[in-house]
Amino acid sequence: MKYPIGISIAIVLLVLTGCSTPPTKKIMAGADQVELRSYQSRGFDTADKTMMLRTVIATLQDLGFIVDQADEELGVVTGTKLAGYQVRMTVSVRAQGERQLLVRSSAYFNLSPIEDALPYQDFFTSLEKALFLTAHDAG
Amino acid sequence: MKSIVTVALVLLLAGCVAIPPDAFKLPPSSLADRQMQSRVFATTDHTLLLASSVSVLQDLGYVLDATNSRLGMLTASKEISAQNATQIIGLVLLAAFTGQSGSADEKQKIRICLVVNRLPNDSAASVARITIQRIVSNDVGMVTAVTQITEPALYQTFFDKLAKAAFLEANAA
């Protein structure tokens with residue numbers, strides 16, 4: 001089977017550029033924010049922020065993460081998972097009204113931000129198991 | 001030409017490694033893992049458990065990277081040698097017979113995270129859980145392995161030391 005030279009050049013160019021972007025371009029840029037934020041966020045029917053942060057830490061431990069840092073006042077936890085690959089994740093917990101908390105997670109897989117819905121769904125499923133609370137999608 | 005295309009495709013796929021589907025799923029072993037990594041102590045004094053852990057970690061040469069006493073967690077790390085005699089002999093033989101030089105694992109960074117929590121069904125006790133990770137790098141500073149350490153004996157050793165430091169008994173979770 002013969003490939004036209006054009007296709008080969010295109011593929012080689014893709015290889016060279018496909019996974020890279022100019023080093024400064026991404027400093028103040030992210031993915032499509034609205035959609036990504038909805039994947040990354042869940043509202044929970046509890047106002048107990050400390051309990052939520054402790055449950056997030058327990059879930060991260062269940063998933064094989066080590067907590068790199070945690071700040072109760074800001075409501076943030078950052079953890080790293082090493083399993084032949086590296087996942088770094090920040091989870092933030094904020095009050096949403098008086099009776100709800102909004103939990104948002106954002107994660108990196110090796111050097112790329114995770115922008116698919118599924119890994120975040122899996123994370124919230126694991127968190128929900130730990131919480132015994134019914135989560136519902138954040139608006 | 002075909003081989004160039006194949007090589008290019010392989011590179012393309014390798015460059016953008018996909019997230020393993022189980023990266024954020026609880027593993028089937030998660031309950032057993034949790035038990036192996038946790039011990040129950042008959043105290044509600046989380047500060048005592050954290051402070052005793054700090055002293056054990058200091059004895060073992062770790063440096064604290066992060067602490068949050070109100071959330072009951074701390075993370076510490078240390079660097080130790082990762083040199084492995086078999087690997088070095090292998091490299092010496094490789095160099096002797098082929099003239100090529102390879103890289104041996106040189107250092108490993110060990111990270112320990114400890115979290116103290118109340119026990120849901122026992123108001124007089126607390127549970128401490130640790131998780132340990134290893135990051136191995138070679139003699140040119142390249143990371144060669146990143147894993148979680150799962151040897152139960154290492155966890156047991158830590159909890160034995162913690163129990164002594166806190167003058168408490170460490171019980172299975």
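## A buried pair of rings in chain A

In this predicted model, Tyr85(A) and Phe109(A) are both buried. A search of the whole structure finds 5 aromatic pairs over all chains, and Tyr85(A) and Phe109(A) form one that is tilted, at 5.4 Å centre to centre with 40° between the planes. Tyr85(A) belongs to the loop between strand 3 (76-82) and strand 4 of chain A, while Phe109(A) belongs to strand 5 of that chain, so the pair ties together parts that are 24 residues apart in sequence.

## Further aromatic pairs

In chain B, Phe158(B) and Phe159(B) form an edge-to-face pair, with 5.8 Å centre to centre and 80° between the planes. Phe158(B) and Phe159(B) are buried. In chain A, Phe44(A), Phe123(A) and Phe124(A) are linked into a cluster by ring pairs.

## The largest nonpolar core

The largest nonpolar core comprises 34 residues, and Phe123(A) and Phe24(B) have the most contacts inside it. At least two residues of this core come from each of the following: helix 3 (49-62), strand 2 (65-71), strand 4 (86-96), strand 5 (100-109) and helix 4 (117-131) of chain A, and strand 4 (105-119) of chain B.

Which residues is Phe24(B) in contact with, leaving aside its neighbours within four places in sequence? Among them are Leu63(A), Phe65(A), Val87(A), Met89(A), Ile114(A) and Phe123(A).

## A second core

A separate, second core has 22 residues, including Ile110(B), Ile149(B), Phe159(B) and Leu162(B). Phe159(B) is thus named both in this core and in the edge-to-face pair with Phe158(B).

Terms used. Residues are numbered from 1 along each chain as its sequence is written. Chains are lettered from A and ligands numbered from 1 in the order in which they are written. This is a predicted model: local features need pLDDT of at least 70, side-chain atom pairs count only at pLDDT 80 or more; totals for chains, interfaces and linings use all residues. Side-chain values use heavy atoms; hydrogens and water are left out. A nonpolar core is a set of buried Ala, Val, Leu, Ile, Met, Phe, Trp, Tyr and Cys residues joined through side-chain atoms within 4.5 Å. Buried means under 20% relative accessible area, exposed over 50%, partly exposed in between (1.4 Å probe, protein chains only). Helices (H or I, at least four residues) and strands (E, at least two) are DSSP runs, numbered from the N terminus. Contact means heavy atoms within 4.5 Å. Rings of Phe, Tyr and Trp (its six-membered ring) pair if their centres lie within 6.5 Å; planes under 30 degrees apart count as stacked, over 60 as edge-to-face and the rest as tilted.
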